[in-house]
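Reader: I have a two-chain model open and would like to talk it through with you. Could you help me read it?

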Amino acid sequence: MYKLEHISKRYGSLTVLDDFTLSIPKDRITVLIGPSGCGKTTLLNILAGLIQPDQGLVTRDRVSYLFQEPRLLPWLNVRDNVGLPLRDVLEKERVEEEVRRYLSKVGMEDYADFYPGQLSGGLKQRAAMARAFAFPAPLLLMDEPFKSLDLKIRYRLMEDFVRIWISEPRTVVAVTHDLHEAVYLGDRVILLDEKPARIKRCYTIDIPREGRHGSEAVQRLERELLELMLI
Amino acid sequence: MKISTTARNLWLGTAALAGVAILWHIAALRVGLPVILPGPSAVFSRLATMICEPNFWCHVGATLLRGLAGFLLSLAVGTAVGLVAGIFPTLEALFRPLIVVLRSTPSMAFIVLALIWFKGDWVTLFVIFLVVFPIIAQNVIEGVRNIDRELLEMVTVFHVGKLRRLTVLYLPSVASYLAAGIAAGLGITWKVLIAAEVFAYPRTGIGTQMDTARVYLETDKVFAWSLVVIAIGLCFDYAVRAVSRKQEETRKGNRHV
C-alpha cells in the first residue's frame, strides 16, 4: 500500500493541495480524474519524487513513469531508449533480454533500430510504454499518457496497456481528464475537486475488463461522473 | 536546368572572389609599386615558389601544431568548465565574470603579457587559451541551460546514473552549441596565433615568416603567407561544418537505418 498523508503544497499564494490524504491499493489501477489544474499532476509528481510537498508524509517506492509525451532521447534508437533506465539496475545481458521482451509485448520488435524521429506519435508512445513497463518499479505513474493521440490509436494503446498490465499487474496511479479513459482503465476512479484538491467521490469499478469498451454499465458510470464534474 | 542551392552558392562565392581579384589587380596597376601593393599574379607566383621550398611545410607544420595544441587545451578545459558551470548555478556565478572579463580583454593585451611572462611556445599556448577557452565555455554553458527540461525530468524519475546522464543527455544536447563554439574558436585561433608569432618570433612559424618578409620589404611574400593562413582557416571551417552537420542529423534522429 502506498500512502499520501496530510500533504500540503502551495505555489506562492496558490494552495494546490491542503491536508490531502490518499491510500493507493497494491496491484490495482487507481485513476485520478478532475478538471485541468486541480493538482492531479502535482500529486503525481509528489509520488514520483519530482516535487517535495511543503507538509505531509509520502510512503512510496521506486517508480516508473509514463509521461504525456514520449520523452525519448532523439539520438538513441528505440532499443537504447527502452534500455536506458535499466542499465543502472540490471546486468548488461539482462537489459538486452528485457528490452527485447517488452518491445515484443508492445509489438515493436521490428522497430528496435529506429530512431524516434522516424516513428509516428503512436509508435513513440508505444516505445515509452515499453520503457515504463520494463523498468522494474512496483509503482507505475501515468500522466494522461494517451492524450495526444488520435482516437483509434488511443484505444488500441489503452487495450494493449491493460493486456500487459493483466499479464504482470503492478500498482498504477494514472491521471486523466478523459472520462472514458478513467473508467476503462481504473479499478478505482477518484474524482477530485478544484484548488485545493479534495476527493469528491471514489468509485470502485468491478465491471470485467474484457467488455468495458461500449458496455452499458461503463456508459452509465461515465454519465454519472460527467454530471458530478459539471456541478 | 535547375541548379541546387549549394551549387548556386558556390558559383556566387567564386564570382565574389573573382571580383575581389579583379579589383585587387586594377588597384595594384594603379599603385604601380609592388612593395606597397603587389598584384594577384605576383602573389600567386610567389606562393607557388614558396610551396616548393623545403622549409615551407616546416613553418606551416609548426604553426598548425601550436594552433591545435592551444585549441585542444581550450576545448578540453572549456567544455569541462562549461558543463560544471551549466549544471551548478553557484559555479556559473563564479565563472561568468571571469569569462566576461576574458572575452572583453583585447588579445593584444594577452600577447604583451605573455611575452613578459613566458618563453617559446608557451607564449602562443597561453594566448590561444585565454582567447578560445571563454568562447567554448560560454557556448557549453548556454547548451546546458537549454537542455530539454522534460528529458531531464525523465532521467531523474528513472534514476539514471550521473555518468550515464552526462553521456546520453548532457553531451548530445550540448553538441550543437559546442560545434558553434568550436567553429568560432578555431576561426579566432589562427588570427591570434599569427599575431602572437609575429611578436614572439619563434624559430619556425608563419607569423615569423611574415615578419621577416616585412623587414625585407617582400610584400608579395606577406600576401602569400596570408593566403596560406586563410587556406588553413577554410579547411578547418569546412571540416567542422561537415562533422557538425552529420552530428546534427543524428541528433534529430533522421539517420537512416
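Author: Let us begin with a definition: two strands pair if DSSP finds at least two bridges between them, and strands (E, at least two residues) and helices (H or I, at least four residues) are DSSP runs, numbered from the N terminus. This is a predicted model, in which local features need pLDDT of at least 70 and side-chain atom pairs count only at pLDDT 80 or more, while totals for chains, interfaces and linings use all residues. Residues are numbered from 1 along each chain as its sequence is written, and chains are lettered from A and ligands numbered from 1 in the order in which they are written.

Reader: Which residue is the bridge partner of Val31(A) in β8(A)?

Author: Val31(A) lies in β3(A), and four bridges join this strand to β8 (residues 188-193) of chain A, the two running parallel. In β8(A), the partner of Val31(A) is Val189(A).

Reader: How many of the five residues of β3(A) are buried?

Author: A residue is buried if 20 or more other C-beta atoms, placed from the backbone, lie within 10 Å of its own, exposed if 12 or fewer, and partly exposed in between. In a regular strand the side chains alternate between the two faces of the sheet. On one side of β3(A), Ile29(A), Val31(A) and Ile33(A) are buried, and so are Thr30(A) and Leu32(A) on the other. The count for β3(A) is thus five of five.

Reader: Why is one side of β2(A) and of β4(A) left without a neighbour in the sheet?

Author: These strands belong to an open sheet of three, in the order β2-β1-β4 (chain A), with antiparallel pairing. β2 (14-24) and β4 (55-59) of chain A stand at its edges, so each has a single partner strand.

Reader: What angle does the direction of α1(A) make with that of β1(A)?

Author: Strand β1 (residues 2-11) of chain A pairs with β4(A) over four bridges, and Lys3(A) stands opposite Thr59(A) there. Helix α1 (residues 40-48) of chain A packs on this sheet and touches β1, β2 and β4 of chain A, where a contact means C-beta atoms, placed from the backbone, within 7 Å. Axes are lines fitted to C-alpha atoms, for helices over the stretch in contact, and angles run from 0 to 180 degrees between N-to-C directions. On that scale, the angle between α1(A) and β1(A) is about 120°.

Reader: How many helices are there in chain B?

Author: From the N terminus on, its elements run α-α-α-α-α-α-α-α-α-α. With zero strands, the number of helices in chain B is ten.

Reader: At what angle do the axes of α3(B) and α6(B) cross?

Author: Helix α3 (residues 54-87) of chain B and α6(B) have axes that come within 6 Å. They cross at roughly 35°.

Key. Contact = placed C-beta atoms within 7 Å.
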